[in-house]
Amino acid sequence: MKRFVRGDSSRNTEGSGLGLSIARSLTELMKGKMDLSVDGDLFKVTLTFDVC
């Protein structure tokens, strides 16, 4: 989830690769936690926030 720019020319999908890093930063700004789990080519994101 680190900030990076996709530099592999063999990749043909759109995007810079910044999405998860930006989502994590926004979650942390809102005092939340973001967890990422990977199962093969599928990834799941879990966001957790404290109840006020």
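Helices (H or I, at least four residues) and strands (E, at least two residues) are taken here as DSSP runs, numbered from the N terminus. By that reading the protein chain has one helix and two strands, which follow one another from the N terminus on in the order α-β-β. The model is a predicted one, in which local features need pLDDT of at least 70 and side-chain atom pairs count only at pLDDT 80 or more, while totals for chains, interfaces and linings use all residues. Residues are numbered from 1 along each chain as its sequence is written, and side-chain values use heavy atoms, with hydrogens and water left out.

**The chain as a whole**

- Of the 52 residues in the protein chain, 8% are buried, where buried means under 20% relative accessible area, exposed means over 50%, and partly exposed lies in between (1.4 Å probe, protein chains only).
- The accessible surface of the protein chain comes to about 4700 Å², and 55% of that surface belongs to carbon and sulfur atoms; such areas come from the Shrake-Rupley method with a 1.4 Å probe, and for residues only the protein chains shown count as cover.
- Among the contacts with a separation of 6 or more, 7% are between residues 24 or more positions apart, a contact being heavy atoms within 4.5 Å.

**The two strands**

- Strands E1 (32-39) and E2 (42-49) run antiparallel and are joined by eight bridges, and two strands are said to pair if DSSP finds at least two bridges between them.
- Two residues lie between E1 and E2 in the hairpin that they form, and glycine 40 in this turn has a positive phi of about 70 degrees.
- Glycine 32 stands opposite phenylalanine 49 in E2, and aspartate 35 has threonine 46 in E2 as its bridge partner.

**The loop between H1 and E1**

- Methionine 30 has its place in the loop between H1 and E1, and it counts as exposed because its relative accessibility is 55%.
- Lysine 31 is found in the loop between H1 and E1 as well, and its relative accessibility of 69% is why it counts as exposed.
- The phi of lysine 31 is near 60 degrees, a positive value in a residue other than glycine; most residues other than glycine have a negative phi.
- From C-alpha to C-alpha, lysine 31 and phenylalanine 49 are 6.8 Å apart in space, although 18 residues apart in sequence.

**Threonine 27 in the helix**

- Threonine 27 is found in helix H1 (residues 19-29), and it counts as buried because its relative accessibility is 4%.
- When residues up to four places away in sequence are not counted, threonine 27 touches Gly32, Lys33, Met34, Leu47 and Phe49.
- Threonine 27 and threonine 48 are 21 residues apart in sequence, with 8.6 Å between them in space from C-alpha to C-alpha.

**The salt bridge**

- A search of the whole structure finds one salt bridge, defined as a side-chain nitrogen of Lys or Arg within 4 Å of a carboxyl oxygen of Asp or Glu.
- This salt bridge is formed by arginine 24 with glutamate 28, whose closest N and O atoms are 3.3 Å apart, and both residues lie in helix H1, four residues apart, about one turn of the helix.
- Arginine 24 counts as partly exposed because its relative accessibility is 35%, and glutamate 28 is likewise partly exposed, with a relative accessible area of 44%.

**The nonpolar patch**

- A nonpolar patch on the surface is formed by Ile22, Leu26, Leu29, Met30, Leu36, Val38, Phe43, Val45, Leu47 and Phe49, with about 960 Å² of accessible area together.
- Patches are made of residues with over 30% relative accessible area and no salt bridge, like charges being joined within 9 Å and nonpolar side chains (Val, Leu, Ile, Met, Phe, Trp, Tyr) within 5 Å.
- H1, E1 and E2 each supply at least two residues of the nonpolar patch, and E2 gives the most, with four residues.
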